[in-house]
Amino acid sequence: MLQVLIQGLLLSGLYALIAVGFTLIFSVGRVLNLAYGAYLLIGGYAYFYFAQTLGMPKFAGVLMAGIFGCVLGLLKFQLIVKPLKGNHVAIEISTLILAVFLQSTVIFVFGDSSKILLPIIPGVERVAGAAIPFSNLFAAIASWIILLSLWWFVRSTHMGRAMQAVSMDAKGAAISGVDANRVNMFTWGLSGALGAIAGVFFASYTQLYPGMWVAPLIIAVAVVIVGGIGSIIGTLIVAHIVGFLEILTSAYIAPELRGVFTMLLIIVILVWRPSGLFGREEL
Amino acid sequence: MNLRWHHFALWALFIVGMFALPQFVSNGTLRTMIFANFLAIFAISWDTLSGRTGYISFGHPFLIGIGAYTTAILTHRFDFPVEISIPIAVIATMVGGLIVLLPALRIKGSYFALVTLAMMELVYQLVQVVRPDLTGGTRGMSGLPTLTRGAANGYYMSVSLMLAIALSMWLIMKTRLGTALSAIGMNEEAVSGSGLSVTKLKMTAFLMSAFIAGLGGAVYIHYLGSIAPRALFDINFVFTIIVAALIGGAGTTIGPIAGAFFLTFLLEYLRPWLPGAERYMVYSGLALLIYMYQPKGMWALMTQATFKSKIRP
Amino acid sequence: MTLRKILTTSAAAGLMAVAGFAGSAFADIKVGFIGSLSSDTGLSTLRGAEMAIEELNAAGGMNGEKIVLVTADTQEDVTEGVKAYEYLAETEKADFIISGSIDDVSLGWMPRMQEYQIPTLDTWTSSISIIDMVVKDPELMAPYFMNIASDEALATLYINFGADVLKKKMGWDSVVILAEDTAFGQAITGLVTEAISPVAGIEVKDTIVYDVGTVDFAPIFSKAQATGADFIYQVSSVNSQVISSQYVKLQVPMPMTGVNVSALGMEYWEDTGGAGGGISTLSPVPSVGFKLDPVSADFVKRYQAKYTSRPKMPHFNGFNAYYGLKQAMAAAAEVGGFKDAKKWSKAMEKQDLVLKLDGKMSLRYGFWGKDEVEPVTKRTYPHNARFDLTAPYDDAQPSMVVVQWKEDGSVGVVYPFEFATTEFTVPSWIKK
């Protein structure tokens, strides 16, 4: 029992970390960024290149991953999202194309074979029959800290309130003097950096390979859709629902059905309550 | 109906040209064209639902897969003849698709896209674990009966199917039904305001789309001779279909066909230089450029160009 | 507008491509490679073939005709595989096709092989169901050869490893099978489950099937531990470095052995960032850590001088491609080319190459005869690589060996004992 609890918390923490950046874009920018998974891809490979191939310190590797993700996010906003002027369908499609473009670019540069990342923090501790690798523990704790500070940031800072304003009513925000462009730039950059850092942890949990953007995208979509747009706390809760669902399925039903319940959850929630469990009725 | 004789003349020319082609090109090119024909069919199917009504489907392989798996299972496990299994597969696609996606048709925009994406992922995972004795599990099935042998025969079969579907869709889209469907894409409220049943229209579009997807999927699988879940329920497959329709020009009949041919040949001709998956870099880069520059696709670009040259002497 | 420029450029590229195909159509003997161009295993086959062709051309080609190589990527995808085979057959008009395809891809293009009747050699697929096709329809499958021992032979010898090492030496009585949900996983699991209890006397406590996209193996390892079995038998070919590196990172206190395809290459240590110590896997021969005969050692030496990118050592299928291609050309030289596939097939069946190390048989590249019954499995393996399932392995090499990676990054063969270079051990974190 305790073992399932520990494993569930660790995996959910990772899922929460993956979903954070996606939540941010979905609630502020209001667009479904299907290239979100590509931040994780680029982040993972950037870390691999700087920390493992060039032998830079791990922290510098994570930082480089974050910078790459941030720049990618800004470019994406300037070159794709802004010119398409809020046409949701067009943004979804062009980000999907972009994701495939980035995937094939990674193949071009690094080849198709998968790579394993060294643990970011080596070491493992056993508690009640469950192994706790320090890397995973760190990812879980980091995701809680990031999500909670994001929640605080959105509520309490000037920039955060501006983000909220833009997310609720972009025109209204503009009238009251909020520079929506600046807010958007900030959001896209932050989302990219968070996605890329999540990518480092995700890749060190599993492996690094060019198709690795799909799985985290689906996790992020699941978490955000079920949680509901604009709900940071919803994201944290639902990441745990999805994570525990997966661990419980693996432990008590059948490991190969791992993802089935997550998909069912998305479909049921979308059809039955499109605004999500904790979100606003909009979009 | 807004039909002119020159439309028919163009169609006749197009059809004659397509049928005469095997006389002029190599078998290798024909093989490529067969895949282009099937991609065109899937793109037309996607366009019928998504291009016209604006309900973007990210899970189209889900529909194609029902058709493909139904006929594969019937012929491979129960020895049904292909002539019977394909019609059953088409009906199964329409009924199965409707049962599953009908509730989804009431939700809009990005949410509809996500439901279809989740649907595809769900089927991908289920098909491997539920009754693998029937579906062949992860491995899929091989040694399915093939309809034709040889490049030319395969080409005639696929091109006839593609042209028949394209011509019928073109005719249907010229009727009031087609106009109403495109109107949903522009402004759903206005359509329901004008007294038409939007639900019925969406259902019709969906059923037509499912019909084409099921038929195309079933015939495709009897051309390939094998079926594998990994190649079918794949986000890259979705990507290829959507890009073909959009690059060619969504909401038109010729657009998806042009897009499918352009992209299939682009990939094939890049082979000598970029033999691996890096080919998709050029492919997706080009697709992104075209899409960003003209979301209505190459068809719109070309008509724009001819229109401009007409007014400028 | 730049866009129009792009369109014209790509149209021009297309025309050039057409011209390119036409130009290359005058080449004499065309070998087509079908397989993944970006995986280590695919590249092994390609490079093995490249080196064989280079040598053959230096020696005057096939009956004086120059041999050229063309490639088609499958991206390990079934549909792409069918397209690639069609491309080689119809656009390139290949005379002979050498394949580095995975099982599913080979099964996908097999109907095309049957249609075109192009002599084809598979170096990587070990699917017994393809050999069954040869048994069932020898006429239609005549141009097809597979020079790697098929699944059944791999599994059979593995059971002996279970009896001789796992049971007798380690004293393990029960196993939990951890198998991936793929064609390969099902095939191997079926064969092992059937035989390991009656032959090796090891009880199968449970079989856990996992999804190849699994992110987190911790609950699966916990489940395996809960069965109380003595060791884990893993069957992993897709993403297999994920499960094994998590096994090491989580320091699962239970021994694990089995099939781990990613551990077959020299890059395994580097790829897992060192998280590969203690992992053992069965491998077709020659494997990593396998003592090579002088001819093969020379091949590896020249390979390493020629290629600087990975894989730094060819996988077993690189050797298969190198020797197999030479045999295919020798057979063609005998019957005047590849045009008559039936005649070529007859000549190919007779190809037999024996490589010796210290006066003893080390490797044998030959094929089973049509009616030759293999004594241990009591079945025929027409057009399949010749192998030997019983010590002292004097008819051919064993169908596989077991190799193990040690925690210091070295790797060696642990079974069969005749070929062993090191001993089978459990990882240091497991308390005995």
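Start with chain B, coloured by pLDDT. Among the elements of chain B, select helix 15 (residues 297-311), where the mean pLDDT is the lowest at 67, then helix 3 (residues 60-78), where the mean is the highest at 93. Everything on screen is a predicted model. Over the whole of chain B the mean pLDDT is 85, with 96% of the residues at 70 or more. For the complex, the predictor gives an ipTM of 0.83 and a pTM of 0.83.

**Stop 1: chain B as a whole**

Keep chain B selected and switch to cartoon. Along the principal axes, the C-alpha trace of chain B spans about 65 × 50 × 40 Å. The radius of gyration is 19 Å, which agrees with the value near 20 Å that a compact globule of 313 residues would have. Of those 313 residues, 57% count as buried. Take the contacts in chain B between residues at least 6 apart in sequence: 78% of them join residues at least 24 apart.

**Stop 2: chain A**

Select chain A next. The secondary structure here comes to eleven helices and two strands, and reading along the sequence gives α-α-α-α-β-β-α-α-α-α-α-α-α. Chain A has a radius of gyration of 18 Å, close to the 19 Å from the globule rule for 283 residues, so chain A is as compact as a globular protein of that length. The C-alpha trace of chain A spans about 60 × 45 × 35 Å along its principal axes. Buried residues account for 62% of the 283 residues in chain A. Among contacts in chain A with a separation of 6 or more, 76% are between residues 24 or more positions apart.

**Stop 3: where chain A meets chain B**

Show chains A and B together. Here 35 residues of chain A are in contact with 36 residues of chain B. To find the chain A side, select helix 4 (88-110), helix 9 (214-227) and helix 11 (260-272), each of which supplies at least two residues. Which helix of chain A gives the largest share of this side? Helix 4 of chain A does, with 15 residues. Colour the chain A side by residue class: 27 of its residues are nonpolar, five polar and three charged.

**Stop 4: the largest nonpolar core**

Now pick A:Leu14, A:Ala19 and A:Val223. These are the residues with the most contacts inside the largest nonpolar core, which has 361 residues. Helix 1 (residues 2-29) of chain A supplies the largest share of this core, 16 residues. The core also takes residues from domain 1 (2-149 + 297-352) and domain 2 (152-283 + 400-419) of chain C, so it lies between these two domains. In soluble globular proteins, nonpolar side chains tend to be buried together.

Zoom in on A:Leu14. What is A:Leu14 in contact with, once its neighbours within four places in sequence are left aside? The contacts are A:Asn136, A:Ala139, A:Ala140, A:Ser143, A:Phe201, A:Phe202 and A:Tyr205.

**Stop 5: chain C**

Move to chain C, which has 13 helices and 16 strands. Its C-alpha trace spans about 65 × 60 × 40 Å along the principal axes. With 432 residues, a compact globule would have a radius of gyration near 22 Å, and the 22 Å of chain C agrees. Of the 432 residues, 59% count as buried. Among contacts in chain C between residues at least 6 apart in sequence, 67% join residues at least 24 apart.

Colour chain C by domain: the domain assignment gives domain 1 (2-149 + 297-352) and domain 2 (152-283 + 400-419). Their C-alpha centres lie 32 Å apart. The contact between them takes twelve residues from each of domain 1 and domain 2 of chain C. On the domain 1 side, these are five nonpolar, two polar and five charged residues.

Go back to pLDDT colouring. Chain C has a mean pLDDT of 88, and 94% of its residues reach 70 or more. Over residues 1-26 of chain C, pLDDT stays under 50, and the model has 14 contacts beyond four places in sequence for this stretch. Where pLDDT is low, the predicted coordinates should not be read in detail.

**Stop 6: where chain C meets chain B**

Finish with chains B and C. In this pair, 31 residues of chain C are in contact with 31 residues of chain B. Select helix 3 (78-91) of chain C, the source of the largest share of the chain C side, eight residues. By class, the side of chain C that touches chain B has twelve nonpolar, eleven polar and eight charged residues.

Methods: Residues numbered from 1 in each chain as written. Chains lettered and ligands numbered in written order. Predicted model: local features only at pLDDT ≥ 70, side-chain atom pairs only at ≥ 80, totals over all residues. Contact = placed C-beta atoms within 7 Å. Helix = DSSP H or I, 4+ residues; strand = E, 2+ residues; numbered from the N terminus. Nonpolar A, V, L, I, M, F, W, Y, C, P; charged D, E, K, R; others polar. Rg over C-alpha atoms; globule rule 2.2 N^0.38 Å. Buried ≥ 20, exposed ≤ 12 C-beta atoms within 10 Å, placed from the backbone. Core = buried A, V, L, I, M, F, W, Y, C linked by C-beta atoms within 7 Å. Domains from an automatic or database assignment. pLDDT = per-residue confidence, 0-100.
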